Amino acid sequence: MIEYRNLKVALLGGGVVGANVADLLLKHADELAGRAGAGIELIGVAVRNPGAERVPAIPAELLTTDALALIHGADIVVELMGGLEPARTYILEALHSGADVVTANKALLATHGPELFDAAERVGAQLYYEAAVAGAIPIIRPLRESLAGDRVTRILGIVNGTTNYILDRMDRQGEDLAPVLADAQRLGYAEADPTADVEGYDAAQKAAILASLAFHSTVPLDAVHREGITGVTLEQVTAARAAGYVVKLLAICERVETADGSAISARVHPALVPLAHPLAAVHGANNAVFIQAEAAGDLMFYGAGAGGPQTASSVLGDLVSAARRHVVGGPGVAESTHANLPMLPIASVVTRYQITLTVLDRPGVLATIATEFSERGVSVEQVSQSVSTGGDAPTASLVVVTHAAPEAALAACVSALAGSDVVASVDSVLRVIEAQ
Ligand code: NAP
C-alpha cells in the first residue's frame, strides 16, 4: 500500500462545472492519487446557497458559504464561480497564501490575466486554466507546452458552442436565426440573455487568451476586434452553401509580418469557411481550434466546448498537474510574454471579402463596379451574376469575391459601392477564409 502525502483542495463554486468536479474527485479519489502521486482531499465547496439542489449532489457537510476560510486551509484552490468579483479577489488571496489555483474563468483571465499571472509568479505559485477555452478540449497545454518549440502563425477557432449551434441549424435545416436562438434557449444551449454568445464577447475573451499564449505577448481584451452573428441572415447562409462555403463565427489570431516587424491580429467575426476546410465539418454546439505552426503544419483540436462533466475533465487534468507539481516541487511553467508583440489594428488586417450587390442590369455596370475596386487597390478574384429581374428597371444580383487586401481598402470599396449610381443595394458583406 503506497502512503501518499495528502493535498487539500478547496472548490469555489458548486454549479454546473463545480458539482461535476466534486463528484469526480470523490468518486475517483484513489485513481487520481495514483496519477498525481499525492492524495487529493476535497475539504469543502464554497457556494452562495447551500440549500440549493445540485446535479450531481454534493455531500451537505462539504458545502460552506465561507470561501475565505476554505481558501486559507487549502494547497490547491479550484475557482468555478465565474464572473470577475469576488473570483479575482479569491484567486489573489489563494495565490498569496501559497496555493496553486485552477480556474475555468475566461472572463476573468481575459480581463485581469496579467495581474493574476504576476501574482502567481511573485509567490512561485501556478495558475492553471485549461477549461477556460473550449471546455473539454486540451488546447491551453498544447499551446503552452507542446508547441513551445514551434512558431504558431495562425489560429482559427470555433470557440463558442451556442453560435455554432445556431449557424449550423441555419445551414443544415434552413431555419432563420431568431427561432433557432429561441429554441437554443429552450434547450439550454443559450442563456436567457444571449448577448455574450451571439455578440461575440465570449469568443473574444477566448481569442485574447489564445493569442496571448500563441504569440507570447499580452493581448488586451479591448484590442480584439469583435462582431457577432446577429446580422447573419438565412439568405447569406443559403447563398454561402450554394457557393461552396459555410458561415462560422471564428476567433482568428494571427502573427502578421509588417514593414515595422511582427504584430498580432486577434479578431472575432462571422466568416465564410470553404466546405473542404476541416472547420466546416464542426457541427452542433461542438468547438474546434485549428492551429497553423511553422514546423508542425496544420493541427486541429475538436470536441465538446462546454457541459458540466466535459469541462470538469479539463479541470481535473489541471488539478492532477497542480498536485504533481506539489509533489515534485519547482517553479512550474511560467506565463510567457517575452515576445511582447504589438497589436495590429483591424483596418490593417489583410483579408478577403465576398460582397453581394443588387445592381442595375444595363451595359457598363460591371466596368463601373470594377473601377470602384481597382481605384482602391483591390483586385477581384471572381464575379458571378444572377439572371436579370426583367421589367422597366431590371436589376441583377452580383456576387464579388476579392483577392486578399487590407480591411480599410475593402471597407472603402463597400462604402463606394453603396453610394454608386449603378448599385441598388449592398446585400451582404462577409469575410472569406482561405481553403488552407
Ligand atoms: P454556475 O453553474 O453558475 O455555478 C457557479 C457556482 O458558483 C454556484 O455554485 C454558485 O453558488 C457559486 N457562486 C457564485 N458566486 C459566488 C459567491 N460570491 N460566493 C460563493 N459561491 C458563489 O457556473 P458554471 O457553469 O459551473 O461555470 C463556472 C465557471 O466555469 C465559469 O467561469 C464559466 O465561465 C466556466 N465554464 C463553464 C462551462 C460550462 O459548460 N458551464 C464551460 C467552460 C467554462 P450557488 O450554487 O449557491 O448559486
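Here is a chat about a predicted model and its ligand.

Student: Before I start, what should I know about the model and its numbering?

Tutor: Residues are numbered from 1 along each chain as its sequence is written, and the model is predicted, with local features needing pLDDT of at least 70, side-chain atom pairs counting only at pLDDT 80 or more, and totals for chains, interfaces and linings using all residues. Side-chain values use heavy atoms, with hydrogens and water left out.

Student: Okay, ligand first. How many residues surround the ligand, and which are the closest?

Tutor: There are 21 residues around the ligand, and the closest are G14, V17, N49, R54 and G307. A residue counts as near a molecule or strand if one of its heavy atoms lies within 4 Å of it.

Student: What does the side chain of R54 do with the ligand?

Tutor: An N or O atom in the R54 side chain sits 2.8 Å from an oxygen atom of the ligand.

Student: Which pocket is the ligand's space?

Tutor: The space taken by the ligand is the largest pocket. On a 1 Å grid over the protein atoms alone, a pocket is an open set of points with protein on both sides within 12 Å along at least five of seven lines.

Student: Switching topic. Where is D202, and is it buried or exposed?

Tutor: D202 is in helix α10, residues 201-215; helices (H or I, at least four residues) and strands (E, at least two) are DSSP runs, numbered from the N terminus. D202 has 8% relative accessibility, so it counts as buried. The cut-offs are under 20% relative accessible area for buried, over 50% for exposed, and partly exposed in between, with a 1.4 Å probe and protein chains only.

Student: Which side chains does the D202 side chain contact?

Tutor: The D202 side chain makes a polar contact of 2.9 Å with the side chain of N160 and another of 2.7 Å with that of K206. A polar contact is a pair of N or O atoms within 3.5 Å; within protein, one must be able to donate a hydrogen and the other to accept it, and residues adjacent in sequence count only if both atoms are side-chain atoms.

Student: What about R144?

Tutor: R144 is in helix α6, residues 140-146. With a relative accessible area of 14%, R144 is buried, and its side chain has a 2.7 Å polar contact with the side chain of E335.

Student: Where are the cis peptide bonds you know of?

Tutor: One joins V55 and P56, with omega about -5°, and P56 is in the loop between β2 (39-46) and β3 (63-64). Another joins E85 and P86, with omega about 5°; P86 lies in the loop between β4 (76-79) and α4 (87-96).

Student: Why would anyone point those out?

Tutor: Because most peptide bonds are trans, and most residues other than glycine have a negative phi.

Student: Which residues have a positive phi, then?

Tutor: H216 has a phi near 50°, and N340, not a glycine either, has a positive phi of about 50°. H216 is in the loop between α10 and β8 (225-226) and is buried at 18% relative accessible area. N340, in the loop between α12 (308-328) and β13 (350-360), is exposed at 57%.

Student: Last one: what does the side chain of Q292 contact?

Tutor: The Q292 side chain makes a polar contact of 3.4 Å with the side chain of D298. Q292 is in strand β11, residues 286-293, and counts as buried at 15% relative accessibility.

Key: On a 1 Å grid over the protein atoms alone, a cavity is a set of points where a 1.4 Å probe fits but cannot get out, and a pocket is an open set with protein on both sides within 12 Å along at least five of seven lines; lining residues have an atom within 4 Å of a point. A molecule sits in a cavity or pocket if more than half of its atoms lie within 2 Å of its grid points.
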